Amino acid sequence: MDNKQVFAKQLLDATGGDIQGALRELQQAAKVVREAKRYTPKNQEVIVSVNGLSKSYKMGKTSVDALKNVDFTVYRGEFVAITGTSGSGKSTLLQLIGGLDKPSIGEVTVNGQNLKRLGDGKLSKFRNRTIGFVFQFFYLQPFLRLQSNIEVPAMFARTTPAVRKRKSKELAEVVGLGDRLRHYPKELSGGQMQRAAIARALQNEPLILLADEPTGNLDHTNATAIFELFKQIRDEHGTTVIVVTHDLALASLADRAVHMSDGAIVSGNLVAPGATRSVPNPTSTLTDVSAQSTKPINVRVQL
Amino acid sequence: MMRPLDGITLAAAKLRAHRVRTGIITVIVALLFACIMFVLTILAGATSSMRAFGREGLGSRYIVSAKPIIDSNMTSNPSNQALMDTLVAQTTTLKKAKSAEAKRLGIDYDAANDLTVPIQEVAMGSGSEKTKMVNPASSIAQQALTSYIATLPHVKYSDFATLTKTAHASAIYKSVGGASAVTYAAPTSTVSAVVDGTETTQANNQSGQPSGVSQLAQNGWAYFDNELLLPFVLKGQNLAVGKDGSIPVIAPMSAAEQFLKLTAPTATATPKQQIDHLVQVRTAIAGKTAQLCYRNSSSAELLSTAKNQIDEAARNKSNKNYVAPSLQYSLPSDVCGQVTIKKDTRTAEEKKSTEKQLSFRQQFENYEEPAQGIITVRIVGLVPDMTYVSGFSVKDILKNMLQSGLGQGWFVPIGAVKEGSLAARVAPVWSNTTPLAQTYYAEFSTYEAARDFTKNNACSVQLSGQDWAAYGPNQQDPRVKKCYAAGKYFDIMPFGNNASAIEDLRHSVWNVMRYVAPAILFVAALVLMGVVGKIIADSRRETAVFRALGATRSSIVQIYLTYSIYIAVFIAVVATSLGLIGAMFINHKFSPDLSVTAVLAYNAADVHKQFLLFGIDPLYVLVTLGLIIVAALLSTVLPLLTNIRRNPIRDMRDE
């Protein structure tokens, strides 16, 4: 099979063999690409720079390439959605940006910090202070009240109880759970739990919010509300938001949607010309380099 | 690291997540530790009580007694050939002299069956060959043996003094006579108690051992240095000879009961009855003078003859053919008086024959004229009757352990009895004794010093079958031989109390616990590890989330260690509660009886002193709690080490 056939198969697999659905997805993707071409971030300061990133996993005796030579840039204050089918490498990319894993090849630079050079302790501090994580399954502590749950990252930061309590109350208000602070997670709905998880992620006022399929367990209304919340957070706090989702409609709510397939970014990527892999240039003119860097984009454009 | 309170918050949340599983396992583990706590609490109570009672009598003092090692078979089989040769020669000479005198007096004398000469020829086994043996009843043999023993090296009091000096003993004492003394022959004299003007003896006690005045009749009294007697002196009494000449004595409880005409409580008596009895005896006997009637062997023989004649006459009162003896005696009219002749119908020839026999005995057999008299003693102290209980119940075992005394018998201060007096006949007097009848004592300031002295100087040689096989006539006792070769001249053992037994018990329990505790620790840690390991393994995703939220490895370790401390505290609370409740139950069941046993055994001044099987020794508690914490930590460390080394993404991807 050539690349076109592979892509078509992946698309059909993703829609469960529904050709009409696949076409709708493609149209949506084309729209995203078109919009991306027109998109220029407001702030041109690079906050995340991924250069030549590859990640392989051992699965028994075979090695699986989750990411293949990826270059990726995010600008301060951006709301970026990373889309792609299951196994396309979007979560892996997010985890590497968040310092949860080490790349096999390449570098990740976040806010000027090359994660490769950080030891375990500094990496923990980086995750605690610079990054806020939101997960698909919320991962709230079932036997902690909501307020304590929101305070967990602050506990790891040794923030004083008074400060973090005040902060957790503020954040609960922001995510619309100000009246649920004494509740346990089991007393909340899925949407409320995810809001609580977002509040938790914001506890230490991170520069970047990383959300891995945050709406995967939510209905459409709640999912949309969560994305609106991300936008609100970005707008009010200037937090850079990177969300992984397979929902292209939701992705369209972001400033920019980056589409991944088979461990590579196939659209929506912006790379500053002249930027080296080690030192991103935040002031350079931006162009969508996806078409030059990957072949599948040609197929997408023609469609 | 997190703030400790935050660690506690997260660990507590974790604890709630698996509370049923964790609860069941921790209760099981707590039961294991409760067993340790139970045993240690009882042990702490028992040892504490033993020490408290140990302050009574000689209990608080670390004294060892030492008896010179002298050939135990010396009287019958001396290895000293020169001594044997001398005694054989003396026997031959004596027999010749006796034969000649018997011939001169015209009386019968059977030299072959003379049981009074120094050397007896005894047929050993089935063979016709006879073995020459020393006759301990012979005064000539006794003198020869005494002289011989006096020449033995290293066994004198001065030798013991030298030995103890290097071991830094704080004091040395000595005693002579008594039940522990080796005597050549059992006394044929008698001592009886005078109660209400009548000479009375007392039957053996329930264990078949002599009690009361019978102990005095059997073993005489022992002379002790005052320092050893003082702890047993009753309140308001002293060890000085009375103005009326009364001899101060420390008597066994049974003797006091005999003089007071009281009966010892039965085995079924309640603790209160036993204590009331003790108080009654102590109060009534303190300082009371009592009269003993001493009769030498001739007097005792006459008294016995008189009693037998009276009994026989009574039995034959209606027998017309009964012929009364030609020489009839009547019982003494005075207390402890002389036996008098009631009727003498002997012929002149009979009288002459009797006189010749008497003359012959006086000349050759140390015959004494009948002598008797009253000895006045003042009971100034009491010692428990040392008894051994053969049962295996807790009470019986402790009863055997809970004893503090000077040994069995009566005790008199050295110097209270004048040499040559009637009282001196009750037991050998100090100046005339040999090392064979002496016991030496050394006092130390600590149990360890006493133990070390015993260990370094007591003879503890092992004898093989070959040693005994080589032991023949005129051979030195193989044990004595080996002890002397090793430079050990004394048999040394703890004296006056069971401090060493108590310490040994403690050490034994500690030794057992040294193996049991790690075993329990291992099992507990294994059981805990099974559960805690599973819980930690199940928490990999949670750990990964914490790591994603910024937890350092040390924070994760902190959470789980706090978690294990939580479990340890739970185990400690349950184990301590169950262990203490169990020990309290045992204490409630056994303490009242044991208290009485201990009060009686130690002759405690405070009769209401409690013997408890419940005690909290901080060391024991700390050790148990330490073990619990170690078990909990051990169960956490291995799974945790595995957990924190894992890649958090891997655990999150397992979703």
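**Rings, strands and a helix contact**

Modeller: Tyr440(B) is buried, with a relative accessibility of 0% (buried is under 20% relative accessible area, exposed over 50% and partly exposed in between, with a 1.4 Å probe and protein chains only). This is a predicted model, in which local features need pLDDT of at least 70 and side-chain atom pairs pLDDT 80 or more, while totals for chains, interfaces and linings use all residues; side-chain values use heavy atoms, without hydrogens or water. Residues are numbered from 1 along each chain as its sequence is written, with chains lettered from A and ligands numbered from 1 in the order in which they are written.

Tyr440(B) belongs to a cluster that ring pairs build from Tyr157(B), Phe160(B), Tyr440(B), Phe444(B), Phe453(B) and Phe490(B). Over all chains, the search gives 22 aromatic pairs (rings of Phe, Tyr and Trp, the last by its six-membered ring, with centres within 6.5 Å; planes under 30 degrees apart are stacked, over 60 edge-to-face, the rest tilted). One of them joins Phe79(A) and Phe227(A): the ring centres are 5.8 Å apart and the planes stand at 35 degrees, so this pair is tilted. Because Phe79(A) sits in strand 3 (residues 79–84) of chain A and Phe227(A) in helix 8 (residues 220–237) of chain A, the pair ties together parts 148 residues apart in sequence. Here helices (H or I, at least four residues) and strands (E, at least two) are DSSP runs numbered from the N terminus. Phe79(A) is buried at 0% relative accessible area, and Phe227(A) is buried at 0%.

Back in chain B, the rings of Tyr157(B) and Tyr440(B) have centres 5.3 Å apart and planes at 50 degrees, so they too form a tilted pair. Tyr157(B) comes from helix 5 (residues 157–166) of chain B and Tyr440(B) from strand 14 (residues 438–444) of chain B, so the pair ties together parts 283 residues apart in sequence.

Another part of chain B is strand 5 (residues 190–195), where five of the six residues are buried, so the strand is largely enclosed by the rest of the structure. Strand 5 of chain B runs antiparallel to strand 9 (residues 289–295) of chain B, joined by five bridges (strands pair if DSSP finds at least two bridges between them). Within that pairing, Val194(B) has Gln291(B) as its bridge partner. Strand 5 of chain B also pairs with strand 6 (residues 198–200) of chain B, antiparallel over three bridges, with Ala193(B) opposite Thr200(B). The hairpin of strands 5 and 6 of chain B has two residues between the strands, and Asp196(B) takes a positive phi near 55 degrees there.

In chain A, four strands make an open antiparallel sheet in the order 2-1-4-5. Strand 2 (62–75) and strand 5 (113–114) of chain A are at the edges with a single partner strand each, so one side of each has no neighbour in the sheet. Strand 4 (residues 105–110) of chain A meets strand 5 of chain A through two antiparallel bridges, and Val110(A) stands opposite Gln113(A).

Between the chains, Val152(A), Met155(A) and Phe156(A) of helix 5 of chain A meet Asp6(B), Thr9(B) and Leu10(B) of helix 1 of chain B (contact is heavy atoms within 4.5 Å).
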